[in-house]
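Here's a quick briefing to read with the model open in your viewer. Take a look at the fold, then go through the points by topic.

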Amino acid sequence: MSEAEVKTESVGTVVVAGTANLAIAVAKLVAGLISGSAAMLSEAAHSVADTTTEVLLYLALRRGARPADTRHPFGYGKESYVWAFLAALFTFVAGAGFAITHGVTTILVHEHTGAYLASYLVLAISFVIESVSLTRAVRQVRRESRRWRSSPRRYLRLTADTTVKAVFLEDSAALIGLLIAGVGLGLSHLTGDELYDGVASILIGVLLLAVATILARSNISLLVGRAVSERVHREIERELAGLPTVDRVDTLMTMLLGPEDILVAAKVDFHDDATGADIETAADEAERRLTDRYPEIGYVFLDPTRSMPGAGGQRARQTQAEDERPADQEAGPGRQP
């Protein structure tokens with residue numbers, strides 16, 4: 001699948017999820033107002049937050065895909081992480097905040113109207129619609145994980161395409177939230193006690209907090225400048241070391257500039273008898289090999305360097321060891337699990 005096709009599929013996934021969430025939000029709001037259920041109103045806030053998130057993710061895809069210019073020579077890929085981070089913050093503040101506070105209020109003072117049927121119908125219809133949206137996101141995750149020769153779970157944890165990750169997590173949380181709301185409503189219906197409805201609303205808020213935190217951490221890591229995974233790093237290093245005129249690669253550094261844009265920079269020790277023409281040829285060959293293997297690599301910079309005496313083949317610049325990295329970066333990268 002080409003880069004353009006991947007971007008088109010991501011846009012389609014976001015649009016489908018946004019449309020579904022908007023329709024569901026209206027239905028939940030009507031049912032919540034009729035029934036007075038805290039869990040239903042919290043679910044309506046959940047869907048409103050998800051809809052706003054999809055709008056921000058759509059902006060992330062569009063603005064992040066703008067071509068490079070003189071003021072931004074590496075493109076606008078990182079801007080997509082800014083919008084995705086704002087989407088996570090909105091979910092955190094609006095959705096989770098409303099659900100938790102409304103749940104507490106319900107437990108303390110609220111009385112239910114007793115109109116449960118509308119809520120049950122909306123929950124059932126919403127579950128079907130959210131399942132369709134999640135199915136599309138799952139299909140894209142599986143396709144991309146096969147492309148990168150990774151498991152879907154690992155791909156989702158490490159992908160730099162935060163739009164797909166956000167849609168998957170939000171749709172999954174939406175289905176779980178619907179189940180929580182259904183259980184809360186059912187228990188309140190059976191017992192006549194509003195405690196269960198209020199607790200369900202609080203649990204929905206906590207669920208939104210968890211999703212927002214995961215997405216915010218992921219986007220912050222990408223904004224700071226995350227490297228590719230160790231596996232991809234090793235493969236890039238092997239490709240460079242395999243060039244005919246290369247003695248060894250002293251330092252290799254990578255950075256994810258966007259969901260589909262990777263920068264590669266390396267200090268390379270060429271053979272002592274290599275001429276300037278040989279080095280130029282090797283640089284061209286390196287770029288060809290790397291972009292053939294990984295089309296997402298947009299920039300390759302090689303710095304011819306002389307190895308320091310006694311270096312013994314060690315890298316000139318040491319980076320944080322694998323076992324010292326935070327858990328969410330244990331394999332490094334972004335879209336390249």
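What follows covers the overall layout, the sheet, the aromatic contacts, a cavity and a few contacts across the chain.

This is a predicted model, so to speak: local features need pLDDT of at least 70, side-chain atom pairs count only at pLDDT 80 or more, and totals for chains, interfaces and linings use all residues. Residues are numbered from 1 along each chain as its sequence is written, and side-chain values use heavy atoms, with hydrogens and water left out.

**Overall layout**

- The protein chain has 9 helices and 3 strands; helices (H or I, at least four residues) and strands (E, at least two) are DSSP runs, numbered from the N terminus.
- Reading from the N terminus, the elements go α-α-α-α-α-α-α-α-β-β-α-β.
- Of the 337 residues in the protein chain, 47% are buried, where buried means under 20% relative accessible area, exposed means over 50%, and partly exposed is in between (1.4 Å probe, protein chains only).

**The sheet**

- Strand E1 (residues 246-258) and strand E2 (residues 261-270) run antiparallel and are joined by 10 bridges; two strands pair if DSSP finds at least two bridges between them.
- The hairpin that joins E1 to E2 goes through 2 residues.
- On the other pairing, E2 and E3 run parallel, with 7 bridges.
- For residue-level landmarks, Leu 252 has Ala 266 in E2 as its bridge partner, and Ala 266 in turn has Leu 302 in E3 as a bridge partner.
- Thr 254 stands opposite Val 264 in E2.
- E2 is largely enclosed by the rest of the structure, because 7 of its 10 residues are buried.

**Aromatic contacts**

- A search of the whole structure turns up 3 aromatic pairs. Rings of Phe, Tyr and Trp (its six-membered ring) pair if their centres lie within 6.5 Å; planes under 30 degrees apart count as stacked, over 60 as edge-to-face and the rest as tilted.
- Phe 74 and Tyr 299 are an edge-to-face pair, because their ring centres are 5.0 Å apart and their planes are at 75°.
- That pair ties together parts 225 residues apart in sequence, because Phe 74 lies in the loop between H2 and H3 while Tyr 299 is in strand E3 (residues 297-304).
- Phe 74 counts as partly exposed, at 36% relative accessibility.
- Phe 74, Tyr 299 and Phe 301 form one aromatic cluster.
- Tyr 116 and Tyr 120 make a stacked pair, 6.2 Å centre to centre with 20° between the planes.
- Tyr 116 counts as buried at 9% relative accessibility, whereas Tyr 120 is partly exposed at 30%.
- There's a charge over a ring as well: the charged end of Arg 66 sits over the ring of Tyr 76, 3.9 Å from its centre. The rule asks for NZ of Lys or CZ of Arg within 6 Å of the ring centre and within 35 degrees of the ring normal.

**The cavity**

- How many cavities of 30 Å³ or more are there? The count comes to 1, and the largest cavity has a volume of about 30 Å³.
- Here a cavity is a set of points, on a 1 Å grid over the protein atoms alone, where a 1.4 Å probe fits but cannot get out; lining residues have an atom within 4 Å of a point. Grid points are joined across faces, edges and corners, and a volume is the space filled by probe spheres set on the points.
- Helix H2 (38-64), helix H3 (79-108), helix H6 (162-191) and helix H7 (195-224) each supply at least two residues of the lining of the largest cavity.
- Among the lining residues are Thr 53, Leu 57, Glu 170 and Asn 219.
- By class, that lining has 6 nonpolar, 3 polar and 1 charged residues. Ala, Val, Leu, Ile, Met, Phe, Trp, Tyr, Cys and Pro count as nonpolar, Asp, Glu, Lys and Arg as charged, and the others, Gly among them, as polar.

**Contacts across the chain**

- Thr 13 is in helix H1 (residues 3-35) and counts as buried, at 1% relative accessibility.
- Thr 13 and Ser 133 are 120 residues apart in sequence, with 7.6 Å between their C-alpha atoms.
- Glu 287 is in helix H9 (residues 276-293) and is partly exposed, at 36% relative accessibility.
- The C-alpha atoms of Glu 287 and Val 300 are separated by 6.0 Å, and these residues are 13 apart along the chain.

Technical notes:
On a 1 Å grid over the protein atoms alone, a cavity is a set of points where a 1.4 Å probe fits but cannot get out, and a pocket is an open set with protein on both sides within 12 Å along at least five of seven lines; lining residues have an atom within 4 Å of a point.
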